[in-house]
Amino acid sequence: KVKKVLYPGLKEHPQYDLAQRQMRGFGSMITFEMGSLNNARKMLRKLRICAFAESLGGVETLINHPATMTHAALGVEGRKKIGLTDGMVRISVGIEDVEDIIADLDQALKAV
């Protein structure tokens, strides 16, 4: 159901080598592509543990939809220019138990 994952810790990421040189670990920010605005919304509505938030700067797991939140003001063409699609979702993984986070994302993805 996830069409693509953008994460510098994945070898197929275009900036993997750069991230490997500049970072000690790859961080907790992950972007994934759901394929459409409708799919992203379906998934986001079902989250129970991951909090839907504009800002991704907390210790808890936060998730946002850039096209309708942080980058909405750019408009469709502006977002297209920078490669941001309506199906993109960003998650900042927090300090909750990893199994709880995975279970929440798994159950939310079943809505798609």
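Student: What makes strand E5 (residues 88-92) largely enclosed by the rest of the structure?
Tutor: Count its buried residues. Buried means under 20% relative accessible area (exposed is over 50%, partly exposed in between; 1.4 Å probe, protein chains only). In E5, 4 of the 5 residues are buried, so the strand is largely enclosed. This is a predicted model: local features need pLDDT of at least 70, side-chain atom pairs count only at pLDDT 80 or more, and totals for chains, interfaces and linings use all residues. Residues are numbered from 1 along each chain as its sequence is written, and side-chain values use heavy atoms, with hydrogens and water left out.

Student: Which strands pair with E5 in the antiparallel sense, and over how many bridges?
Tutor: Two strands pair if DSSP finds at least two bridges between them. E2 (residues 29-33) and E5 have 5 antiparallel bridges. E4 (residues 62-64) and E5 have 3, again antiparallel.

Student: How do you know that the buried residues of helix H2 (residues 37-45) lie on the same side?
Tutor: The buried ones are Asn 39, Ala 40, Met 43 and Leu 44. They cover an arc of only 125° around the axis, which puts them on the same side of H2. The arc is taken from the directions from the helix axis to the C-beta atoms.

Student: What do these buried residues pack against?
Tutor: They pack against E2, E3 (51-52), E4, E5 and helix H4 (98-109). Contact means heavy atoms within 4.5 Å. Met 43 has contacts beyond its neighbours within four places in sequence, including Phe 32, Ile 63 and Val 89.

Student: Which residues touch the most other members of the largest nonpolar core?
Tutor: Met 43, Leu 47, Ile 63 and Val 89 do, out of 14 residues. A nonpolar core is a set of buried Ala, Val, Leu, Ile, Met, Phe, Trp, Tyr and Cys residues joined through side-chain atoms within 4.5 Å. H4 gives the largest share of this core, 4 residues.

Conventions: Helices (H or I, at least four residues) and strands (E, at least two) are DSSP runs, numbered from the N terminus.
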